[in-house]
Amino acid sequence: MCLAVPARVETITGLQAEVEVGGVRRAVSVVLTPEVRPGDYVYVHTGYAISIVDEAEAAESLRLWAELAESYTTEELFPHMAPSSER
Amino acid sequence: MKYIDEFRDPDLARALLGRIERRSRQPVRLMEFCGGHTHAILRYGLRTLLPDHVDLRSGPGCPVCVTANADLDRAIALAHVPGLILTTFGDMIRVPGSAHTLQDAKAAGADVRMVYSTLDALKVARVNPDRQVVFLGVGFETTAPTVAAAIAQAEAQGLENFSVLSLHKLTPPATRAILDAGEVQLQGIIGPGHVTTIIGADAWQFLPQDYGVPLAVAGFEPLDILRAVADLVDMIEEGRPGISNSYARSVSPEGNPTALSIMDQVFEVVPAEWRGLGTVPGSGLAIRPEYARFDAGRRFEVDPGPTREHRGCRCGDVLRGTVTPPQCPLFGKACTPARPIGPCMVSAEGACAAFYQFGRDPL
Ligand code: SF4
């Protein structure tokens, strides 16, 4: 019931927006996110945009995780798979 | 799709799993509050991918499941009021109250209509001006602002035949109730991503402060959840409980101020009854007296009759995290999604339904 999906805002008329999600256009209310602009991504829950996606934060999460992955060798990441491991 | 696919990257998932494996030494039990997380965890097989000593327990985060039978019975009785149209999210239609479901009421002639949004419920009220239209308000902080917005809109438009039966509930007090009961020892909590989008990550500060339990807010993709587990493991191993937020693309420290303010304008905080938790102080939302005419509870007097519990169903225990669904003797036998005995087997967010759908996870 707390499901929300990311959707791209195409147009805004008053407190209503047209969004695109997975190739389908839908009308949603932006009464809870009045500062939204066309081109923003929003999380949509039961026909209402409940948040505007923070693109910088999304990119930062992915960058951090990638960095974390690169800073370990395979043996470090999967000690149980390394044949010479003492575990 | 953007903001979905990149958060399912298998290489990054392996990297996060490796990190958890490396860092985690002591056995930990973590609770995912939200039924949406339970669903995603089982769907992506994360329970089996995580090290054995990282135990995940599902919590009370399924609004349909935690609705008490007495409240379900009231809703079903309301549906039988002559001429009334009851609108509800689909999840509620098949949930058994003491004896019946809304589907039974519909079969018996009641006008029960499924809607995807309160906006649809308002539309039903507009096109049926000579009928009373009630929306069944079930849901946590994620949903409550959308219902408050609908009530405010009904008032602005003079839509006098629209009202709401508010069974809305608040998640932090329920989390407190579970920790206070102390039946399950929890070392960390995976925080509900969309609830926290509304209330803000700071609303969970009481967990590390008062209970010494860390919380990691998570989105609903596998990487979000693994990142939350990794953060919790780090905080537990370092003995430094705090709040982490791996869902910062939607969740801010202070939440959504517009949503919080409309919620507060329309609703007031009251005690509420939860399946499995009993009456929890300060955990429900009732419609304020200023909006009394939009309160279906005040507008219609119904007699739901005596309340009965579902015999043998352990849904209440599942919601408290004291048992896992396969530990219920009826699971997968007398109780299946096709013939559900308790609400935990009905809702898409119910832990029993998720365990049933995505394989019988080893205990
Ligand atoms: S399996 Fe069915 S009977 Fe058992 S706890 Fe879950 S909903 Fe209740």
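## A buried aspartate

B:Asp71 sits in helix α5 of chain B, which covers residues 69–79. Helices here are DSSP runs of H or I with at least four residues, strands are runs of E with at least two, and both are numbered from the N terminus. Keep in mind that this is a predicted model, where local features need pLDDT of at least 70, side-chain atom pairs count only at pLDDT 80 or more, and totals for chains, interfaces and linings use all residues. As for the labels, residues are numbered from 1 along each chain as its sequence is written, while chains are lettered from A and ligands numbered from 1 in the order in which they are written.

Is B:Asp71 buried or exposed? B:Asp71 is buried, because 22 other C-beta atoms lie within 10 Å. The cut-offs, with C-beta atoms placed from the backbone, are 20 or more others within 10 Å for buried, 12 or fewer for exposed, and anything in between for partly exposed. Setting aside neighbours within four places in sequence, B:Asp71 is in contact with B:Leu167 and B:Glu273; contact means that C-beta atoms, placed from the backbone, lie within 7 Å. B:Pro304 is 233 residues away from B:Asp71 in sequence, yet their C-alpha atoms are 8.9 Å apart in space.

## A partly exposed valine

Next up is B:Val269, in strand β10 (residues 267–274) of chain B. B:Val269 counts as partly exposed because it has 15 C-beta neighbours inside 10 Å. Leave out residues up to four places away in sequence, and B:Val269 touches B:Gly282 and B:Leu285. B:Arg320 is 51 residues from B:Val269 along the sequence, with 22 Å between their C-alpha atoms.

## Two helix pairs in chain B

Take helix α1 (residues 10–23) and helix α12 (residues 222–238) of chain B: their axes come within 9 Å and cross at roughly 15°. That angle makes α1(B) roughly parallel to α12(B). Axes are lines fitted to C-alpha atoms, for helices over the stretch in contact, and angles run from 0 to 180 degrees between N-to-C directions. Under 35 degrees is roughly parallel, over 145 roughly antiparallel, 65 to 115 roughly perpendicular, and the rest oblique. By class, the contact of α1(B) with α12(B) has 11 nonpolar, no polar and 5 charged residues. Here Ala, Val, Leu, Ile, Met, Phe, Trp, Tyr, Cys and Pro are nonpolar, Asp, Glu, Lys and Arg are charged, and the others, including Gly, are polar.

Helix α8 (residues 144–156) and helix α13 (residues 257–266) of chain B pack at about 60°, with axes 8 Å apart. So α8(B) is oblique to α13(B). Their contact divides into 10 nonpolar, 1 polar and no charged residues. Among the residues that meet are B:Ala148 and B:Ile151 from α8(B), and B:Ile262 and B:Met263 from α13(B).

## Where the chains meet

How many residues of chain A are in contact with chain B? There are 34 from chain A, and they are in contact with 45 residues of chain B. On the chain A side, β4 (41–45), β5 (48–52), α1 (55–70) and α2 (74–77) each supply at least two residues. The largest share, 8 residues, comes from α1(A). By class, this side of chain A has 23 nonpolar, 8 polar and 3 charged residues.

## Around the ligand

The ligand is surrounded by 14 residues, and the closest are B:Cys313, B:Cys328, B:Cys335, B:Gly342 and B:Cys352. A residue is near the ligand if its C-beta atom, placed from the backbone, lies within 6 Å of it. This shell has 12 nonpolar residues, 1 polar and 1 charged.

Definitions and conventions
Contact = placed C-beta atoms within 7 Å.
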